[in-house]
Every structure is written in C-alpha cells, then in structure tokens.
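I wanted to see how they pair up and where they sit.

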Amino acid sequence: MSDRTMTRQVLLFISFLSLSSVNGQVSYSIPEEMAKGSLVGNIAQDLGLDIKRLKSGNARIHVGNSAECIELNKERGVILIKERIDREVMCRQTTPCALHFQIIMENPIEFYQVTIEITDINDNAPVFKKDAMKFEISESAVIGAKFVLERAFDSDIGANGLQSYSLNPTEHFILKLQGQADGSKKVEMVLQKPLDREKQEQISLVLTALDGGEPKMSGTVQIHVTVLDVNDNAPVFTQAIYKASFVENSQRGTLLTTVRATDIDNGSNGLVTYSISSSIDGILDLFEIDESNGEVRLIGKVDYETAKHYQIDIEAKDQGGLSDSSKLVVDIADVNDNNPLIDMMSTSKSIPENSPSQTIIAVMSVHDPDSDNNGVVNCVLSENIPFTIKSTSNGFYSLVTDSDLDRERASEYNISVTCSDEGVPSLSSSVTLTLQISDVNDNAPVFERSSYEAYIIENNTPGLSIFTVKARDADWNQNARVSYILEDSSVNGVPVSSYVSVSADSGVIHAVRSFDYEQIKDFQFRVKALDGGSPSLSSNATVKIMIQDQNDNVPQVLYPVQTTSSLVAEMVPRSADVGYLVTKVVAVDVDSGQNAWLLYKLQKATDRALFEVGLQNGEIRTIRQVNDKDAVKQRLTVVVEDNGQPSRSATVNVNVAVADSFPEVLSEFTDFTHDKEYNDNLTFYLVLALAVVSFLFITCLVVIISVKIYRWRQSRILYHSNLPVIPYYPPRYADTLGTGTLQHVYNYEVCRTTDSRKSDCQFARPCSQNVLIMDPSSTGTMQRMQNEQNILDEPDSQLEQKPPNADWRFTQGQRPGPSGAGGPPEMAMGTGPWPNPPTEAEQLQALMAAANVSEATATLGPGTMGLSTRYSPQFTLQHVPDYRQNVYIPGSTATLTSNPQQQQQQQQQQMAAQHQALQAQPSEAAPQPEPPKAAQTPASKKKSTKKEKK
C-alpha cells in the first residue's frame with residue numbers, strides 16, 4: 001500500500017549479467033493516473049544500493065526518447081511520479097504497457113535497467129463514433145433478421161474495457177452479441193417481431209455500452225429505424241475475412257484489396273454500398289473504401305514501427321437497409337527508413353592529461369527501430385585520435401582512451417561517432433563529443449632571457465617602474481599563473497629589497513628609493529618566477545640596474561668666497577694694460593660628464609667695456625687700458641653655468657677697486673653698498689598695465705565700429721525707401737536722420753513720394769493717409785499728423801494760414817541755388833527747362849529756404865512733396881502759410897503763382913490773419929528763431945572751416 005492508498009504490485013528481481021557494465025534489473029507495476037509525486041518504489045532498497053552512493057555517483061534516470069514521467073529522489077532513494085501517466089496515450093491498446101529506463105551512476109560508471117508496468121484503471125467510458133445510427137428496414141423483413149450496429153470504443157483494456165450492450169425498448173428488436181476471433185464482439189440488432197409500416201413508420205431505440213470497471217461507465221447512441229417496403233434479402237460478403245499486405249513506405253492511393261458482397265434482391269433493393277465501420281481510432285484517416293465497387297485504398301501514412309498490422313471492419317448495405325459485415329486484416333512490411341538513434345547516456349566534459357589508458361569518457365546507447373538486418377548497428381570513431389569504442393552489451397557502447405594524452409600538444413578533441421545499420425541502402429547517424437584535456441603542472445616557467453639590463457635616471461621618485469621581466473608557462477590556468485619574487489641578496493651590505501621591488505603578478509620592477517648616481521652607479525639581483533601548480537615549479541633570471549647621471553647639482557663657487565660680514569675687493573692699478581688678470585673665478589660641479597662642464601659669463605658690470613671673463617677658465621681680465629675716468633668702485637656679476645639639460649647656474653659678485661693705493665680704496669669702499677635687485681613684481685605690473693591698455697584700446701575700437709555699422713544701417717533704410725540720397729550737406733547743418741537739415745536748433749520732417757524728384761513740389765490739401773516719415777526716432781508722429789490734418793480740413797476752424805515772416809524774404813542774390821542768379825523770363829513764369837540739372841543738395845537747400853512751417857504734416861498726392869518744419873515748441877499752426885496757390889521749383893528760389901491779383905489778395909488775407917494772431921498771443925512772446933543762412937558751397941565751406949580753426 002502507498003500513501004495515497006493506491007494498490008500497486010511490485011515485481012522485483014535482480015539479475016547480474018555477464019557484462020560488467022549492467023549491474024542489475026528491477027521491475028515495478030503501478031496503475032495509471034497516479035498523482036504527481038506518488039511513490040513508485042524504493043530503488044535503493046530494491047537494488048541494494050546505499051543512498052550515499054546515489055549522491056556521490058550523481059545517479060540519474062535516462063529514459064531515452066520517451067517523455068520523462070518519473071523522477072529519482074536521491075535523498076530518499078525512491079522513484080516518484082513526475083507527471084501523470086495516461087496508459088491510453090502511452091500504449092493505446094498494446095498490452096502489457098511498460099516504461100523502460102535506466103538508472104546511471106558515475107565514478108565508476110554503472111547503470112541499472114528498470115521496467116515499470118502501467119496497469120489500466122477505469123478512467124474512460126465507452127464511446128460511439130456516431131451520435132445516431134439510422135436504419136431503413138423493409139416491412140417484409142422476417143423475424144430473426146439481423147442488423148449490424150456500430151460498436152462502441154473503450155480506451156481501457158481488460159476488465160475496464162467494453163463488456164456488454166443493452167438495447168431499449170425491446171418490443172421489435174433484441175440485441176445479440178457474437179464473439180469474433182480477435183476477441184471483439186459483433187453487435188447485432190435482431191428483429192423479433194414483424195414490422196408494419198402502416199402502424200409505425202419510425203422506431204427509435206437506445207443502444208447502451210457498458211464496461212466492467214468499478215464504478216461502471218457507459219455510453220449511449222440513438223438508433224432511428226425507418227420501415228420500408230419489400231426488401232427482404234440482406235447483402236452477403238463472399239468472405240468472412242479478407243487479407244492484404246503492403247510495405248510501410250507505399251504511396252497514398254495504393255490499392256490494398258477489393259471486397260465484394262451480393263444481394264439477391266432485384267432493382268434498387270439489390271444495390272449494395274460499402275463502408276468502413278471499424279471502431280479503432282484513426283482507421284478512417286489511413287484507409288478508405290469505394291462505396292460502389294468495394295476497393296480498399298491507402299490514404300494515409302503508415303509506419304511499421306508504430307503498428308505492424310491493422311484490422312478493418314467493412315459493412316455492405318443495400319438500399320433496403322439490410323447489411324452484412326466482414327473483416328479486412330492488413331499486414332505492414334518493414335523497410336529500412338529509420339536512422340540509428342544515438343543516445344549519449346553519460347559523458348565526461350574533461351579528463352586530466354595524465355589519465356591512464358582505457359579510461360572511460362562516455363557511455364552511449366544506440367537503437368534502430370527497424371527490424372531484422374535493418375536494425376543491426378555498427379559504430380566507428382574518427383581517425384587519428386587516441387580513443388576507441390567498445391561494445392559493452394546489446395546496444396550499449398563505451399568510449400575509452402587508447403594512448404597517453406598531452407594537453408600542450410592537443411587541449412581539446414572533437415570525437416565523432418558514426419553508427420550505421422546493415423539495411424540496403426545503409427542509413428547512419430553521427431554525434432560529436434567535445435572533450436577538454438585538463439592541465440597538469442608539468443612545465444616550469446621560462447624567462448624570455450636569462451639576464452636583463454635596465455637603466456634608470458637618478459633622483460627618481462620612489463615607486464617608479466624601472467623594467468618588466470616576463471616568464472611564460474606552457475601549462476594552463478592556475479598552473480600557468482606565474483608570480484615573481486626577489487631572491488635574497490645584498491648590495492653594499494644592504495638587502496636588495498630596500499633598493500627595488502618586483503610585482504608578483506606582472507613582473508614589473510619598481511624602485512623602492514630614489515637613487516643617487518654619486519653614491520651608487522649599478523647593482524644586480526636575481527628574480528625567481530614560480531607557477532601556481534602544486535607542487536610549484538620555478539626558474540631564475542639575473543637583472544642588472546644601471547643608474548644614469550642627471551644634472552641635479554648646481555655649480556659651487558670656491559673663489560671668491562662670498563661673505564656678508566666683510567667686503568672683499570680685487571685691486572687693479574690704473575696703470576694696468578690690456579689683458580691684465582684681475583682675478584679668477586673658481587667653481588666645481590659634483591655631477592659627471594657634460595653635466596660637470598662649466599662656462600663663465602659676465603652677467604652685469606659697472607663698466608662692461610673694461611672687463612671680460614674667460615668662457616672656460618673664469619679669468620677676469622681687462623679689455624682696454626685703465627684711465628683716470630674709470631670709477632674706483634667696479635662691481636662684476638659672473639654667472640657660472642654647467643652644460644646639463646636643463647642647465648644649472650650659480651652667480652658670484654666680484655668687487656674690483658681701480659686704484660693705485662690702499663687708502664684710496666678704503667675711503668671709496670667705506671660707503672659701498674650692494675645694488676638693489678630689481679623687484680620681480682615690477683615685471684608683473686608692467687605686463688598687467690600693458691594688458692589693461694590693450695583691452696581698453698580693443699574695447700574702444702569695437703564701440704566705434706559698432707556705431708559706424710549702426711549709422712550705415714540707418715542710411716540703408718533711406719536707400720531702400722526710394723528717397724533721394726543727399727551726399728552733401730552745408731556746414732553747421734545736422735544729419736537728416738537726427739534733427740533735419742537746418743541748424744541744430746531746428747528739426748524738419750520731410751515726406752516725399754517716390755516720383756517727387758521728377759515733378760514740381762506742391763503743398764496741397766491733405767488727401768491721403770499714406771505718409772512716409774523720415775524721422776525713425778519720432779513716436780506718435782502719425783497720430784499727431786492725423787489730428788492736425790483733421791483740424792486743417794474743418795471749414796469752421798479758427799486756425800487760418802498766415803503769410804510767411806517778412807524777415808525770411810531773400811533777394812534773388814541771397815537765395816540758395818546755382819550761383820544765386822535769376823533765371824530767364826520763361827523760368828520766372830514756370831515754363832522752360834532747367835538751366836542746369838539741379839543736384840540733390842541744391843534741391844534740399846531750396847526746400848530749406850522756402851520752408852516756413854511748423855508741426856504741420858502735408859500728405860502727398862501723386863507727383864507732389866510735402867514738408868513740415870518744427871522751429872520751436874511755441875510755434876503753432878497759425879504760422880503755417882498757404883502753399884496751395886504757390887508752386888516751388890526744386891533747386892531754385894523762384895516762386896510761381898497762378899496770377900498777380902490772386903497773389904495780392906492772398907497776401908492781404910495772410911497779413912490780416914497774422915495781425916489777429918499777434919493780438920491773441922500773450923505779452924511774453926517766444927523769441928523768433930534765427931533765419932537760416934544762405935547755403936555754402938564746398939569752397940566757402942572750406943574757408944569757413946579754416947576760420948573756425950583759427
């Protein structure tokens with residue numbers, strides 16, 4: 001009894017085979033549909049194995065190509081259910097139903113064969129293929145007439161399979177079961193009472209199929225009987241059993257056999273149709289029968305390895321509903337259509353290179369589902385490898401070593417196993433096993449060279465990398481991991497480890513201290529390389545370190561001695577000739593080589609034309625005759641430089657007294673003081689001042705350029721607005737973009753159309769809103785002009801136009817224009833051409849001379865020009881003259897009128913309006929602006945400029 005109170009029967013027998021690889025066999029019997037985790041058997045106890053052996057041997061289950069339905073619990077040594085087992089899915093109708101697998105262990109490799117028989121339980125009810133069966137039976141059918149019914153199908157077997165049938169009701173028919181040679185039962189419905197179509201044309205019956213399980217399960221199908229007339233003979237097959245055979249790779253549509261049934265009835269009652277009534281699942285997918293001629297053909301793909309034969313139930317039925325049945329037995333012949341199946345049961349991923357011969361590296365099983373010679377298999381290995389294959393038992397092979405292995409020669413093998421059967425033609429399968437050869441420490445590290453030389457410059461920083469030694473080991477992984485150590489030795493009685501150190505991993509040699517060439521010039525030591533194997537192997541190499549000199553010492557001045565307490569001076573008589581030896585500067589450098597070569601240079605002297613210094617010997621000599629004008633106190637600064645890179649130097653001050661007697665020298669040197677050294681900060685301040693001045697200069701330059709660009713862009717605005725560009729301005733007149741073209745106290749706003757240069761100027765009544773304003777800096781100009789325009793257009797407005805100021809009248813000679821001369825008579829009348837083409841400057845001068853308006857904006861019509869002038873804030877619209885009757889010619893001072901009478905009336909009206917405006921003004925009248933002066937020509941402009949400069 002198990003924990004789930006399910007009954008199982010254990011059949012245990014252990015048989016030791018003659019072959020050494022198979023150690024035993026055990027069989028179990030369990031029912032199907034056991035729950036997951038259910039106990040199958042105690043394999044450790046049944047095979048007599050220790051649970052520790054199962055763990056150490058990495059015991060596992062090998063089921064081959066079958067689904068894994070069971071599992072091995074190595075902790076308990078038992079076999080458990082991994083997935084629910086359905087016997088009907090696994091074996092269908094095959095009995096007995098058994099599951100074969102092997103239990104494999106390693107170190108050493110052992111395996112046991114286990115067979116588990118799956119017993120059936122009543123978990124499937126009988127099932128009919130059709131939902132209903134229909135019969136058409138003649139009323140003349142005699143008592144005892146048989147009608148074959150479709151049999152039910154039960155997936156269970158044995159006692160749980162289909163056992164009996166029952167038919168209800170039994171008024172006209174009874175059920176008859178007839179055993180057959182294959183153990184199945186033929187189900188027939190037998191007529192026991194004559195039929196009468198006039199009383200009952202349709203009869204409904206229920207056929208029930210029962211199995212023998214506990215509890216019993218059943219299936220039902222409806223039977224519909226239609227009563228026909230006058231068909232009293234049923235078809236009869238010529239044979240009770242038909243036989244046929246074909247090979248498994250036959251094509252679809254292959255004719256198997258032809259069955260035949262006869263009906264002695266005539267007409268349509270004797271017409272027989274054939275059908276397959278087999279209850280075996282899948283038959284209708286493999287075979288078909290021609291319902292008219294009884295030919296049975298193959299329509300599916302059959303496999304000998306799945307089923308070796310089939311039994312097909314065939315039914316013959318006439319038009320009256322009478323039928324007969326027969327059986328067709330089909331045998332399948334095997335062909336060599338399956339490749340051998342290679343199953344690697346146990347493999348070793350790697351083995352050590354010192355493994356002995358005949359070491360097992362893999363165990364595999366080979367199976368060919370074909371039969372006879374088609375299933376006989378032979379296996380071979382690829383050539384030129386130190387391995388061989390041995391057959392241990394039927395279908396099992398071992399792969400073993402055949403000679404010694406060397407990882408350094410071959411670290412990996414791809415072993416190809418090819419298995420072929422003996423069929424015709426032969427089929428084969430191959431599998432490749434990759435085997436790694438693990439390393440054994442059998443090679444010592446080897447240095448690239450037996451001795452090394454390295455150079456290092458003195459005064460190095462401690463820890464500086466000097467050199468790298470490298471050793472290689474032919475082994476692998478840990479055995480090839482090389483570490484480096486210093487062998488114990490000493491340098492000048494000091495351990496070598498206080499001079500250098502070696503990195504254990506990389507072999508980089510580092511300086512432990514800072515070396516001094518003046519103390520030690522070279523030393524040597526030995527480095528040992530050890531691998532990581534066990535036991536460790538090693539080798540040695542000699543390293544010699546050469547220290548190179550560096551210019552690290554400044555020259556030392558031995559003479560003259562520099563003291564701060566007393567003053568030392570060399571005397572030079574005034575009678576000294578050229579080349580007189582004053583003294584000699586003596587210096588030494590403790591460095592070596594060219595770093596110790598010294599050069600002497602005169603850096604500073606009171607009189608550089610009097611003394612010189614020998615470049616190599618340091619002798620100070622006179623280079624000219626000493627005279628009485630030479631100062632008594634002479635101070636020389638001599639620089640002593642070595643020849644290193646970079647050069648180092650020292651300075652010495654030499655005091656020289658030019659005198660003939662010692663008292664003279666003493667009196668001069670009592671107040672001798674050393675020259676003050678220049679302050680280093682002075683240079684910094686000078687550089688800073690230069691930088692500030694440069695920055696200010698660049699800033700001013702940028703500002704000037706920006707202003708120029710801004711003014712150029714403003715001039716481009718006038719250029720793109722189609723206004724005339726005026727290249728010449730009279731003196732003391734401001735730019736048109738600023739305050740107009742009169743003196744700086746006036747401001748003009750000029751509005752002109754694009755065609756104004758081609759026509760006369762008229763000051764007409766405003767008639768348009770399109771005004772072009774040349775003053776971009778003004779704000780609200782348009783609004784002001786529109787307000788003033790509304791005032792001018794009102795007929796009842798009290799503001800009237802006044803005549804121009806009499807002070808602004810000019811004679812013909814004073815008016816600006818070409819030479820101030822009057823034109824011919826036709827010009828005075830406004831007719832005739834221009835005497836000369838007026839320039840733009842002359843046109844503007846004429847406009848300024850004729851302008852006498854204030855804060856009024858004239859809106860231009862086609863071909864006219866409007867002008868508004870702002871003299872001062874006190875000037876109002878009362879001073880605006882009426883130009884509607886006058887015409888001003890650009891570039892001329894002439895004023896054209898339509899007729900003299902109209903002009904005289906206009907002047908009288910203007911004088912009257914001006915008189916009224918003067919009475920209305922307050923007592924404190926605003927001062928009148930100065931009238932503009934006549935325009936100057938470029939020549940007069942130059943003269944005035946010169947006067948202003950004077």
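I began with the pairing order: with the bonded cysteines of the chain numbered along the sequence, the pattern reads 1-2, 3-4. The model I am looking at is predicted, and I count 2 disulfides in it.

Entry, Cys91 and Cys97. I found these two joined by a disulfide, with an S to S distance of 1.8 Å. I looked up the torsion about their S-S bond next; it is about 65 degrees, so I noted the disulfide as right-handed. Both Cys91 and Cys97 are buried.

Entry, Cys379 and Cys419. Here the sulfur atoms of the disulfide lie 2.1 Å apart. The torsion about the S-S bond of Cys379 and Cys419 is about 105 degrees, so this disulfide is right-handed. I then checked what the pair connects: Cys379 belongs to strand S27 (residues 377–381) and Cys419 to strand S30 (residues 412–421), so the bond ties together parts 40 residues apart in sequence. Cys379 is buried, and Cys419 is buried as well.

Entry, Cys700. Last, I looked up how accessible Cys700 is: its relative accessible area is 48%, which makes Cys700 partly exposed.

How values were computed. Residues numbered from 1 in each chain as written. Predicted model: local features only at pLDDT ≥ 70, side-chain atom pairs only at ≥ 80, totals over all residues. Heavy atoms only, no water. Disulfide = S-S within 2.5 Å. Buried < 20%, exposed > 50% of the residue type's maximum accessible area, 1.4 Å probe, protein only. Helix = DSSP H or I, 4+ residues; strand = E, 2+ residues; numbered from the N terminus.
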